[in-house]
Amino acid sequence: MSALVCVARIGAAHGVRGAVKLWTFTEDPFAVRRYGPLSTKDGRRQFEIAQVREAKDHLVATFKGVVTRGEAERLNGIELYVAREKLPATDEDEYYHTDLIGLAAVTTDGDALGRVLAIHNFGAGDIIEIAPLKGPTMLLPFSNAVVPEVDLKGGRVVIALPQEIEGDRDEDPSASHPRERGDP
């Protein structure tokens with residue numbers, strides 16, 4: 001089976017005639033119309049967009065066969081997917097998250113770090129999440145400085161681990177802290 005890519009999420013019902021708010025994850029929000037029927041991740045349900053229009057920060061869409069507000073309300077929260085091959089090719093240094101997840105992560109010296117778990121964006125740029133061979137996951141900036149090489153064919157990303165992570169302090173481990181001495 002082909003890899004699936006989440007391209008939209010259905011939101012709350014909009015109006016009384018079966019319309020829904022639709023949040024798209026595509027560069028062009030209206031591109032979701034070009035992919036044909038959209039499906040749930042398990043493929044059990046398919047949705048074909050009948051009409052779509054722009055709203056303030058989302059689209060308002062109707063799906064074929066959904067004509068009442070009650071039917072629209074039951075769709076809230078459903079994520080919509082398309083097969084990876086239906087999406088346009090990416091530019092150099094551009095990747096779909098699905099292409100990166102599961103790749104091996106190695107250091108610039110070739111030592112194994114773990115596997116790519118996810119790519120996140122909390123508003124300050126992309127972050128790559130690495131599940132190391134042992135220990136807690138690592139969250140690192142997904143930048144050319146930290147990820148200098150992505151080798152999709154080779155199934156790996158090269159990670160240049162930062163020398164210092166903001167917030168870490170070089171402290172003398174033998175130094176006592178007020179709470180450690182029993183101070184209030």
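Visitor: Why are β1 and β2 called paired strands?

Guide: In this predicted model, five bridges join β1 to β2, residues 19-24, and the two run antiparallel. Pairing requires at least two bridges, so β1 and β2 qualify as paired. Within this pairing, A8 stands opposite T24 in β2.

Visitor: What makes β7 a partner of β1?

Guide: Five antiparallel bridges connect β1, residues 4-14, with β7. At least two are needed, and therefore this also counts as a pair. Here A8 stands opposite L80 in β7.

Visitor: Why is the contact of D28 and R34 called a salt bridge?

Guide: The distance from N to O between their side chains is 3.5 Å. The limit is within 4 Å, so the contact of D28 and R34 meets it. Seven salt bridges are found in the whole structure.

Visitor: How do you know that D28 is partly exposed, whereas R34 is exposed?

Guide: D28 has a relative accessibility of 32%, which lies between the limits of 20% and 50%, so D28 is partly exposed. R34 has a relative accessible area of 60%; exposed means over 50%, and therefore R34 is exposed.

Visitor: What makes K64 and E48 a salt bridge?

Guide: Their side chains meet at 3.0 Å, N to O, which is within 4 Å, so the term applies. K64 lies in the loop between β6 and α1, and E48 in the loop between β4 and β5, so the pair ties together parts 16 residues apart in sequence.

How values were computed:
Residues numbered from 1 in each chain as written. Predicted model: local features only at pLDDT ≥ 70, side-chain atom pairs only at ≥ 80, totals over all residues. Heavy atoms only, no water. Helix = DSSP H or I, 4+ residues; strand = E, 2+ residues; numbered from the N terminus. Buried < 20%, exposed > 50% of the residue type's maximum accessible area, 1.4 Å probe, protein only.
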